[in-house]
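Please read the points below with the sequence and the model open side by side.

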Amino acid sequence: MGFYVRNSTSNPISVAVGYYDSGCSPITYAKRGWYRIEPGRRAFLVAGSAANQTFYVYGHDSFGNSWGGDFYTDVPREAFTRCWIASCQGQGCRSVGFEEINVGNFENYTLNLVDSTQSASKSRRTLVAKKRKTNFKLGKFSFIKPPGKLGKLGKNRKPLYGKRK
């Protein structure tokens, strides 16, 4: 059981995920990255039942494609796990927009990332790439292993839509 992301493109993708974490306050979500997902592969990002959960996803490749939305938070260049509102400092840090993914009643959920040249269906399980600037490069120590189990559920405070610093 869990939340997965599939790379349905021909290029490796770096992905970060936002997920419920009762240990974070005042917004009870954490963010974790980077997961390198090879073309045609699926990565296990969050353990536990995905049913009725909300996740946030941001991804990019080295060819100017990005997958994201309007839920902004700071992310560093190297591997990270931190609360949603925790910012980072330094030259390797920037604000990116995550896409909100409402899972519904699925205990296992796979989100497909496709590029804009593919004829993607309008499935709610598919996220299409947008072009972006390619000034955010990850180093060889930027990737992490799949996560452990989620904590207990509690009061749920989601990130704010379109809130950018």
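1. Which residue is the bridge partner of tyrosine 4 in β10? The partner is threonine 110. Two strands pair if DSSP finds at least two bridges between them. Between β1 and β10 there are 6 bridges, in the parallel sense.

2. A word on the source. This is a predicted model, in which local features need pLDDT of at least 70 and side-chain atom pairs count only at pLDDT 80 or more, while totals for chains, interfaces and linings use all residues. Residues are numbered from 1 along each chain as its sequence is written, and side-chain values use heavy atoms, with hydrogens and water left out.

3. Strand β1 also pairs with β4, here in the antiparallel sense over 5 bridges. In this pairing glycine 2 stands opposite alanine 47 of β4. Of the 6 residues of β1, 5 are buried, and the strand is mostly covered. Buried means under 20% relative accessible area, exposed over 50%, and partly exposed in between (1.4 Å probe, protein chains only).

4. These strands belong to an open sheet of 4 strands in the order β4-β1-β10-β11, with mixed pairing. Its edge strands, β4 (42-47) and β11 (126-128), each pair on one side only. On average, neighbouring strands of this sheet are turned by 25 degrees against each other, direction ignored. For such angles, axes are lines fitted to C-alpha atoms (for helices over the stretch in contact), and angles run from 0 to 180 degrees between N-to-C directions. Strand β10 (residues 108-114) pairs with β11 in the parallel sense over 3 bridges, and valine 114 stands opposite valine 128 in β11.

5. Where does threonine 9 lie? Threonine 9 is in the loop between β1 (2-7) and β2 (13-20), and at 7% relative accessibility it counts as buried. Its side chain makes a polar contact of 2.6 Å with the side chain of asparagine 7. The side chain of threonine 9 also reaches the backbone oxygen of asparagine 11 at 2.9 Å. A polar contact is a pair of N or O atoms within 3.5 Å; within protein, one must be able to donate a hydrogen and the other to accept it, and residues adjacent in sequence count only if both atoms are side-chain atoms.

6. Strand β9 has two antiparallel partners to check. It is joined to β5 by 4 bridges, with phenylalanine 55 opposite isoleucine 101 in β9. Strand β7 (residues 71-76) pairs with β9 over 6 bridges, and tyrosine 72 stands opposite glycine 97. Threonine 54, which lies in β5, is buried with a relative accessible area of 6%. A polar contact of 2.9 Å joins its side chain to that of asparagine 102.

7. How many aromatic pairs does a search of the whole structure find? The search finds 12. One of them is tyrosine 56 with tryptophan 84, a tilted pair at 5.3 Å centre to centre and 55 degrees between the planes. Rings of Phe, Tyr and Trp (its six-membered ring) pair if their centres lie within 6.5 Å; planes under 30 degrees apart count as stacked, over 60 as edge-to-face and the rest as tilted. Tyrosine 56 is in strand β5 (residues 54-60) and tryptophan 84 in the loop between β8 (80-83) and β9 (93-102), 28 residues apart. Both are buried.

8. Why is the pair of tyrosine 58 and phenylalanine 98 tilted? It is tilted because the ring centres are 6.0 Å apart and the planes are at 45 degrees. Tyrosine 58 lies in β5 and phenylalanine 98 in β9, so the pair ties together parts 40 residues apart in sequence. Tyrosine 58 is buried at 5% relative accessibility, and phenylalanine 98 is buried at 0%. Ring pairs link a cluster that includes Tyr56, Tyr58, Trp84 and Phe98.

9. Last, the charged side chains. The count comes to 1 salt bridge, defined as a side-chain nitrogen of Lys or Arg within 4 Å of a carboxyl oxygen of Asp or Glu. Arginine 36 forms it with glutamate 38, the closest N and O atoms being 2.7 Å apart. Arginine 36 is partly exposed at 46% relative accessible area, and glutamate 38 is partly exposed at 35%.
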